Amino acid sequence: MTESAISKRDVSLDITRIFAFVSVPAIHFFLNSGYYSVPVEGKRMYLMTYGRTFFMVCVPLFMILSGYLMITKDINLEKKSIFKFYSKLAKVLVTYLLTTLAIIIYRVYFLKEPLSVQDGVFNILGYKQYAWYVNMYIGCYLLVPLLNALWKVTDTKHGHFCIVIILCALTVAPSIFNAYDFLTPNALIKPWLSVSYNQIVPNWWSSIYPITYYYIGAYLRTNIDVKKLKTWKILLLLICSVSIFGTYNIWRSYSIKFVWGPWCDWGSLQNTVNATLVFLLINSISIPSPNVIVGKAIKLISGLTFGAYIISWIPDQIYYSKLAEAVPDIHLRANYFPIVVGKVVVFALAVSFGIYLIITLFSKIYGFVKLKLNSKNNNCSI
């Protein structure tokens with residue numbers, strides 16, 4: 001990468017992707033440390049609940065970033081243009097295949113699980129472990145030409161705003177209104193008395209929240225000059241947002257095991273607000289263009305995050321079993337949050353880098369062979 005190329009590259013977007021990835025092992029800390037198995041009581045559990053509220057931005061951030069980057073792509077809906085765009089998905093699929101194979105090998109040889117070849121095939125096709133994101137992303141990627149076409153046709157700020165608002169009504173509104181039990185006595189004041197909720201707005205379309213995030217990213221790219229926003233104001237809003245939603249989550253699960261309800265799910269209001277504010281916070285900072293070495297390093301790490309996301313399942317199995325053995329008290333495990341998450345991040349990036357080298361090697365071999373075959377065919381035709 002040349003110095004001029006680095007100067008043109010917005011390093012804030014790479015940092016956004018890296019932060020989104022780091023948030024994945026962070027949110028998995030709560031999944032693997034036993035957080036969900038004990039009542040939300042005491043300072044440590046309250047602190048962990050605020051942490052969970054914040055780090056749930058991981059997947060939303062990836063999708064907002066996708067919309068921000070892809071909305072400018074002018075994809076013709078003709079066969080050749082569509083095929084060219086979809087062919088770029090091959091790198092994602094190959095990375096997913098190799099990372100999942102690495103996980104299967106680990107499960108067979110280190111965890112001693114009796115997995116057959118058939119089990120391995122259906123593991124890959126079933127998007128097991130942490131690969132539900134890949135399952136979702138493939139579908140979203142296939143929709144991009146259509147999503148962009150709609151955005152292009154609705155080529156006004158008002159039109160773009162209407163798209164975002166309509167999608168928020170479909171995916172975010174249910175997390176606000178369909179989250180209360182109006183029938184159980186005192187449940188509105190003490191929501192921990194019931195885990196049933198009455199539906200008062202349509203919620204059938206709530207699972208299309210990735211498209212909502214995609215269009216939020218598109219709106220920010222098209223209609224907002226992010227660099228002109230005041231970083232300190234966004235930071236203040238983010239602190240207030242996490243504080244309010246975190247306190248709300250504590251209230252909803254007070255004295256009982258944490259309830260993962262519609263108000264704190266992936267497409268909820270709190271995750272939509274927090275993820276948007278984190279994206280704006282990072283990208284509002286005017287970061288000087290890095291030198292060539294630093295620029296290459298940041299770009300490389302950013303490129304490794306997808307594979308690292310999937311492969312992080314392996315270090316999770318390693319480090320959390322050790323944590324559980326060393327620290328039986330679930331509440332005290334919060335002290336080891338930065339250590340364990342840091343180890344998972346480094347491990348996952350290292351393995352992802354190895355897979356990246358394998359893909360790069362085979363890509364060069366394929367290019368070399370293709371060049372030789374083309375050269376041979378040209379010589380034969382002369």
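**View 1. Lining of the largest pocket.** In this predicted model, 36 residues line the largest pocket, and Arg17, Lys91, Ser302, Gly303 and Phe306 lie nearest its centre. Two or more lining residues come from each of helices H2 (11–32), H4 (58–70), H6 (89–109), H8 (132–153), H14 (292–311) and H16 (337–381). H14 gives the largest share, nine residues. The lining divides into 17 nonpolar, 10 polar and nine charged residues. The pocket volume is about 1300 Å³. A pocket is an open set of points on a 1 Å grid over the protein atoms alone, where a 1.4 Å probe fits, with protein on both sides within 12 Å along at least five of seven lines; lining residues have an atom within 4 Å of a point. A volume is the space filled by probe spheres set on the points, which are joined across faces, edges and corners. Helices are DSSP runs (H or I, at least four residues), numbered from the N terminus. Ala, Val, Leu, Ile, Met, Phe, Trp, Tyr, Cys and Pro count as nonpolar, Asp, Glu, Lys and Arg as charged, and the others, Gly among them, as polar.

**View 2. Second largest pocket.** The second largest pocket has a volume of about 260 Å³. Of its 14 lining residues, Val164, Ile216, Tyr219, Leu220 and Thr276 lie nearest the centre. Helices H9 (157–171), H11 (209–223) and H13 (269–284) each give two or more residues to this lining. The lining holds 12 nonpolar residues, two polar and no charged.

**View 3. Salt bridge between Asp14 and Arg17.** The closest N and O atoms of this pair are 3.8 Å apart; a salt bridge is a side-chain nitrogen of Lys or Arg within 4 Å of a carboxyl oxygen of Asp or Glu. Both residues lie in helix H2, three residues apart, about one turn of the helix. Asp14 is buried, with a relative accessible area of 3%, whereas Arg17 is partly exposed at 21% (buried, under 20%; exposed, over 50%; partly exposed, in between; 1.4 Å probe, protein chains only).

**View 4. Salt bridge between Glu113 and Arg107.** Here the closest N and O atoms are 2.7 Å apart. Glu113 is partly exposed at 23% relative accessible area, and Arg107 is buried at 16%.

**Notes.** Residues are numbered from 1 along each chain as its sequence is written. Local features need pLDDT of at least 70 and side-chain atom pairs count only at pLDDT 80 or more, while totals for chains, interfaces and linings use all residues; side-chain values use heavy atoms, with hydrogens and water left out.
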